[in-house]
Amino acid sequence: MQVNATKEGHLIVLEPIGELDASCSVQMDNELAAAIAENTKGVAINCSGLEYISSAGLGVFISYINEMEQKNQKLVFFNMSEKIKHVFEMVGIAQLVQIVAEKNEAIAIINE
Amino acid sequence: MNNQTLKIACKLDNLRNIREYIASFCASKRLSEIELNNIVLAIDEICANLMIHSNKCDENKELELKLIEETDGLKFEILDQGKAYDTTKYITPDLNHYVKTAKKGGLGMMIVKKVMDSVEFSEKNGKNICCMFKRV
């Protein structure tokens with residue numbers, strides 16, 4: 001898996017490409033931690049290249065929800081396939097984070 | 001009936017190979033993309049747990065996957081010789097608690113229980129066996 005990070009104005013876009021499982025969740029964790037440390041308004045996760053996610057990957061996002069709320073940062077997912085969305089819903093994370101269709105929606109939510 | 005066995009080292013990089021193997025085994029059942037992903041995910045979760053917690057990612061240790069096609073569904077047996085999983089310790093996770101405490105692991109078994117119609121752990125001849133059945 002590869003994670004691209006791009007700073008765009010007041011937010012950071014992270015783009016995990018490939019399969020996010022127990023073998024590479026630490027990499028995603030490091031990238032998200034670094035993005036949060038930039039103290040921007042939030043982090044948008046571009047899921048267009050995310051082919052698979054297991055609980056190890058979901059756990060990374062869940063573990064930063066509280067810290068991001070305290071720092072007034074938003075975590076928004078966009079371009080998520082139905083397959084990945086189903087996993088978010090099955091575990092119950094879909095209610096804890098924002099999932100939108102397109103990047104401009106994610107940016108609008110973070111910049112609110 | 002189509003039955004297959006895979007022996008694979010307890011190395012997290014092998015999870016991808018396990019997923020590919022399961023997906024190819026399930027191909028004859030003509031599952032939807034979401035149904036197939038659920039099954040592959042549940043097996044991945046069990047194998048990751050066994051590799052990390054029971055076998056401490058010791059590459060000299062193996063998992064043995066037995067995939068059995070039955071008339072009314074798919075049976076998956078995963079055997080290992082690590083530390084047995086204590087099912088009595090399983091508590092359905094409270095997601096709010098995970099958020100508050102920034103806990104990362106432990107959601108895998110929830111996925112397995114949601115996806116599979118049955119999940120049983122047992123021990124035979126010094127091996128731990130996780131047996132799962134999915135009606136399809």
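User: Leaving aside neighbours within four places in sequence, which residues is S63(A) in contact with?
Analyst: This is a predicted model. S63(A) belongs to helix α2 of chain A. Once neighbours within four places in sequence are set aside, its contacts are A102(B), K103(B) and K104(B).

User: Is S63(A) buried or exposed?
Analyst: Buried means under 20% relative accessible area. S63(A) has a relative accessible area of 4%, so S63(A) is buried.

User: Which residue has its backbone oxygen by a polar atom of the side chain of S63(A)?
Analyst: The side chain of S63(A) has a polar atom 2.8 Å from a backbone oxygen. That oxygen belongs to V60(A).

User: How many Å separate the C-alpha atoms of S63(A) and I36(A)?
Analyst: Along the chain, S63(A) and I36(A) are 27 residues apart. Their C-alpha atoms are separated by 12 Å.

User: Where is A35(A), and which residues is it in contact with, leaving aside neighbours within four places in sequence?
Analyst: A35(A) sits in helix α1 of chain A. At 4% relative accessibility, A35(A) is buried. With neighbours within four places in sequence left aside, A35(A) is in contact with I12(A), L14(A), T40(A) and V43(A).

User: What distance separates the C-alpha atoms of A35(A) and V13(A)?
Analyst: The two residues stand 22 residues apart along the chain. From C-alpha to C-alpha, A35(A) and V13(A) are separated by 8.5 Å.

User: Which backbone oxygen does the side chain of N14(B) reach?
Analyst: N14(B) lies in the loop between β1 and α1 of chain B. N14(B) is buried, with a relative accessible area of 13%. Not counting residues up to four places away in sequence, N14(B) touches I8(B), A9(B) and M51(B). At 3.0 Å, its side chain reaches the backbone oxygen of A9(B).

User: Why is the pair of F61(A) and F77(A) edge-to-face?
Analyst: Over all chains, the count of aromatic pairs is three. The ring centres of F61(A) and F77(A) are 4.9 Å apart. Ring planes over 60 degrees apart count as edge-to-face. The pair is edge-to-face because its planes stand at 85 degrees.

User: How many residues apart in sequence are the parts that F61(A) and F77(A) tie together?
Analyst: F61(A) lies in helix α2 and F77(A) in strand β5 of chain A. Both residues are buried. The pair therefore ties together parts whose separation in sequence is 16 residues.

User: What is the angle between the ring planes of F25(B) and F76(B)?
Analyst: F25(B) is in helix α1 and F76(B) in strand β3 of chain B, so this pair ties together parts 51 residues apart in sequence. F25(B) and F76(B) are buried. Their ring centres are 6.3 Å apart, and the pair is edge-to-face because the planes stand at 75 degrees.

User: Which ring does the charged end of R19(B) sit over?
Analyst: The charged end of R19(B) is 4.2 Å from the centre of a ring. That ring belongs to Y52(A).

User: Which residues lining the largest pocket are the closest to its centre?
Analyst: The largest pocket has a volume of about 920 Å³. The lining holds 37 residues. The closest to the centre are N49(B), H53(B), Y85(B), G105(B) and G106(B).

User: Which helix gives the most to the lining of the largest pocket?
Analyst: Helices of chains A and B each supply at least two residues of this lining, including α1 and α2 of chain A. The most, nine residues, comes from α2(B).

Notes
Residues are numbered from 1 along each chain as its sequence is written. Chains are lettered from A and ligands numbered from 1 in the order in which they are written. This is a predicted model: local features need pLDDT of at least 70, side-chain atom pairs count only at pLDDT 80 or more; totals for chains, interfaces and linings use all residues. Side-chain values use heavy atoms; hydrogens and water are left out. Rings of Phe, Tyr and Trp (its six-membered ring) pair if their centres lie within 6.5 Å; planes under 30 degrees apart count as stacked, over 60 as edge-to-face and the rest as tilted. Buried means under 20% relative accessible area, exposed over 50%, partly exposed in between (1.4 Å probe, protein chains only). A charge sits over a ring if NZ of Lys or CZ of Arg is within 6 Å of the ring centre and within 35 degrees of the ring normal. Contact means heavy atoms within 4.5 Å. A polar contact is a pair of N or O atoms within 3.5 Å; within protein, one must be able to donate a hydrogen and the other to accept it, and residues adjacent in sequence count only if both atoms are side-chain atoms. On a 1 Å grid over the protein atoms alone, a cavity is a set of points where a 1.4 Å probe fits but cannot get out, and a pocket is an open set with protein on both sides within 12 Å along at least five of seven lines; lining residues have an atom within 4 Å of a point. Grid points are joined across faces, edges and corners, and a volume is the space filled by probe spheres set on the points.
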